[in-house]
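Good morning, and thank you for coming. Please have the sequence and the structure open while I speak.

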Amino acid sequence: MTTYSFAQPQALTASPAWKALQAHHRKICATSLRQLFADDPQRGDRLAAEGAGLYLDYAKNRITDETLDLLEKLAEQCCLRQHRDAMFSGKKINVTEKRPVLHVALRAAANEQIYVDGKNVVPEVRATLARMAEFAEQVRSGAWLGYTGKRIRNVINIGIGGSALGPVMAYEALQYYSRRDINFRFVSNMDATDFIEATRGLDPAETLIIICSKTFGTLETLTNAHAARDWCLEKLIDKQALRRHFVAISTNAKEVSRFGIDTTDMFGFWDWVGGRYSLDSAIGLSTMIAIGAERFSEMLDGFYAMDLHFRHAPLRQNLPALMGLLAIWNTNFLDARTVAVLPYEQYLARFPAYLQQLTMESNGKHVTLGGANVDYQTGPIYWGEPGTNGQHSFYQLIHQGTHLIPCDFIGFCQTLNPLGDQHDELMSNLFAQTEALAFGKSLAQVSAEGIPDWQAPHRVFQGNRPSNTILAERLTPYSLGTLIALYEHSVFTQGVIWNIDSFDQWGVELGKQLARRTSPELESSDEPRLAHDSSTNALMRRYRSLKKE
């Protein structure tokens, strides 16, 4: 495999393109969206792009054509195209772990060739998908029976991070297409309440449990897995029963077998797939059981369509690249620290939570690929709720607060559940919110409405708040795939510009290491000698005292 070079000719903030953007910002920072739209009646039509079935309106960003030209030069200077091609060709762009980054291989066409250490990985990916499809159909058809001969009526997915957020988000997003005679539940938190509530009312004899752990050693997942095993055996008694009620998504056959799962019921994946990018691998088995192999394949087609768009579309029409570059502009030049993701679709209620891991675990980094401290902001905070719920919660701060919060609005032109004119009402709220954020309401407008002078300042909306609007025809497995891949490649684009490794996650390790030291001290029946800081020692002593009571 060719060695991947991450050498940069100079620090990002010292580069010509960066300095040009700084000068440009100083020139246009006082220009409002009101003025930009007034000066260009065609702005809304011009500043839009379309690809893989998604329509992106980015006209309500605080940008001009010159901004886009300079962002394009920044992308060229940072070698975005070359980094993108390196990822798709299997080079080891995860430099701190010396691994390729090939979630794109999980949805590649069967005739594509993507090599890792001289081996084309696509046939192995396709073989795994075929095994998943066969197993999913056995469960869905009733051919896969529990140990006592009962049909499987419950599926519990146990994982953490991407092994949980991906499956639960996709299941909820595609619930319209799912089997309603099978219950799907998801366990991730080590808090026993998560497991107890997920299994409440279920019969182990009718339950299939999917353990998702690449190493089969993740503490949270294994803790819940052992609780699940005990729960099953309390009723089914015979350890042989585990082979009809547990399957594993893992690469550690030895530990899977030791747990009691038949390794023929183990579905593998690869170290070139990060957890937060693994939904379209075997980690998605619960999703496939829910919606069927054909629908799952449609979702993969959506991923693939956006992959092709990202690889081949010119930058000014390239949805992920545009969104990534606009995030750079908003974060580093407009000083925005967060991004609100606002899907006007109840089925996407968990999509913002899914994006939190995808974006913040990827780009929450403070050093460059070469190990130097960055002198610019990286990794904005992603958060959100579905509309219209958020309108009666945090939109007040977005509209009239002191923080600049760029927003991504997501909507669908057709509803899956028609009910009177409710979908028109829902979408009218989406369009109205983007308009209100952009243009606001001036003091003169408020006064003209007859609002008393003492109250008028409280009813002024400054506007000039940037937003993107993403529209698709309908929420389908295909469009969900395109949406996820859109954000994956937007995150990649941001990481390239910031010159950071978007594919490691060392930041999750320290707390885990300290917890391994702390746990025996909490469990010990004798008073241990605590050697932490005074705050941690005091907290642990109070916990031990109240725990005894």
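Strand S2, residues 54-57, is joined to strand S13 by four bridges, and the two run antiparallel. Please bear in mind throughout that this is a predicted model.

As an example, Phe409 has Thr469 in S13 as its bridge partner.

How many of the six residues of S13 are buried? Six of the six, residues 467-472, are buried, so the strand is largely enclosed by the rest of the structure. Burial here means under 20% relative accessible area. In a regular strand, side chains alternate between the two faces of the sheet. In S13, both faces are covered. Ser467, Thr469 and Leu471 are buried on one side, and Asn468, Ile470 and Ala472 are buried on the other.

I turn next to a pair of helices. Helix H20, residues 509-523, and helix H21, residues 534-548, have axes that come within 10 Å and cross at roughly 35°. The crossing of H20 past H21 is right-handed. On the H20 side, Thr518, Glu521, Leu522 and Glu523 make the contact, while H21 contributes Met540, Tyr543, Arg544 and Lys547. Classified by residue type, this contact comprises four charged, three nonpolar and one polar residue.

Methods
Residues are numbered from 1 along each chain as its sequence is written. This is a predicted model: local features need pLDDT of at least 70, side-chain atom pairs count only at pLDDT 80 or more; totals for chains, interfaces and linings use all residues. Side-chain values use heavy atoms; hydrogens and water are left out. Buried means under 20% relative accessible area, exposed over 50%, partly exposed in between (1.4 Å probe, protein chains only). Two strands pair if DSSP finds at least two bridges between them. Axes are lines fitted to C-alpha atoms, for helices over the stretch in contact, and angles run from 0 to 180 degrees between N-to-C directions. A crossing is left-handed if the near helix is turned anticlockwise from the far one by less than a right angle, and right-handed if clockwise. Contact means heavy atoms within 4.5 Å. Ala, Val, Leu, Ile, Met, Phe, Trp, Tyr, Cys and Pro count as nonpolar, Asp, Glu, Lys and Arg as charged, and the others, Gly among them, as polar.
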